[in-house]
Amino acid sequence: MLGLMQLGQKRPRWVAVTLCATTLLTSIWTEAEPTTLTAHPTLLLVVGAPGEVEFGEAFSQWAGQWEKTCRQAGVKLITIGLETNAPATDRERLEKALHDESKESAAELWLVLLGHGTADGKEAKFNLRGADFSATELAAWLKPFRRPLAVINTASASGPFLAKLSATDRVVITATRSGQEQNYARFGQYFTEAITDPAADLDKDGQTSLLEAYLIAARRTAEFYEGEGRLATEHPLIDDNGDGLGTPPDWFRGIRAVKQAKDGAALDGFRAHQIHLLPSVAEKKMPPALRARRNELELAILKLRENKTSLPEDAYYRQLEVLLLETARLYETKPPAAR
């Protein structure tokens with residue numbers, strides 16, 4: 001749930017009352033009987049060409065961790081790149097899988113790319129067994145999608161994918177900030193580990209969000225290079241507001257970006273923090289329609305907060321009151337009994 005208590009230092013009495021009510025009402029969902037979710041995410045895992053044996057072993061190990069996580073979460077898993085004697089190439093299977101998944105409209109699709117990448121200054125590519133695919137081609141394959149998307153490209157030279165794939169209701173994470181960072185990327189290992197690591201739950205809400213996994217993986221990547229006394233050759237980025245610019249991990253304090261872009265561009269992270277592969281018990285109990293509306297309200301509150309300095313104080317709190325009261329009413333809604 002959104003950390004509403006951080007919205008401002010000076011709060012009228014009604015704001016404090018609403019905040020307390022919202023916090024207390026959360027317990028309704030925590031104590032409720034489980035409800036059956038109507039939509040589950042799909043994770044499309046693509047394992048690229050290994051290049052060298054040691055890299056292939058690493059990619060296979062990471063893939064095994066993702067498979068275990070998906071079983072634990074009850075998530076539908078589609079794996080491409082580990083099959084032998086497949087009737088189609090990896091590229092053909094990926095394109096078909098994306099075409100099939102584009103027909104869904106509710107739950108998120110996670111597209112996780114484990115492997116190597118290349119870039120020549122004009123186009124970045126992800127290396128498959130057989131023909132590779134480019135950022136431009138993947139953008140075209142994803143264009144029909146209307147469902148929420150999370151694309152995590154952990155490959156070297158993955159930076160150009162961010163601008164190409166950026167879109168509304170889509171989170172894009174890359175292991176590098178440019179196509180020139182072409183050395184083997186370790187970010188994939190740390191991201192794979194972080195997605196189920198309780199220590200990655202930075203806001204201690206019982207679940208690790210996509211944003212939190214990104215931040216922890218980026219931190220551990222940086223620690224690797226510092227510990228080895230080596231110059232870092234990968235600098236992750238995240239984009240979830242559709243502007244294609246991305247926000248680096250060192251701009252965040254906790255789960256919130258605190259630095260400001262020179263051109264005033266909006267910061268990322270809000271939407272990514274609402275996406276969880278392994279949601280908490282309380283999150284699972286919230287019906288999908290209410291969860292979707294809750295997410296909309298949280299985003300509206302956070303965007304309002306970002307614009308606080310440009311608004312008269314009274315106007316800011318009036319708008320905040322409307323959003324907080326509706327959020328509180330959502331949590332007052334009695335959850336359905338388990339079937």
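I count a contact when heavy atoms lie within 4.5 Å. Helices (H or I, at least four residues) and strands (E, at least two) are DSSP runs, numbered from the N terminus. The model is predicted, so I take local features only at pLDDT of at least 70 and side-chain atom pairs only at pLDDT 80 or more, while totals for chains, interfaces and linings use all residues. I number residues from 1 along each chain as its sequence is written, and side-chain values use heavy atoms, with hydrogens and water left out.

**Entry: H3 and H4**

I looked up where H3 meets H4. Arg91, Leu94, Glu95 and Leu98 in H3 touch Glu137, Leu138, Trp141 and Leu142 in H4. H3 covers residues 90-101 and H4 covers residues 135-142.

**Entry: His273**

I found His273 in the loop between strand S11 (256-257) and helix H8 (281-285). Is His273 buried or exposed? His273 is buried, because its relative accessibility is 16% (buried is under 20% relative accessible area, exposed over 50%, partly exposed in between; 1.4 Å probe, protein chains only). Setting aside residues up to four places away in sequence, His273 touches Asp203, Ser209, Leu211, Glu212 and Ile255.

**Entry: Ala217**

Ala217 sits in helix H7 (residues 210-228). I read its relative accessible area as 0%, so Ala217 is buried.

Definitions and conventions
Axes are lines fitted to C-alpha atoms, for helices over the stretch in contact, and angles run from 0 to 180 degrees between N-to-C directions.
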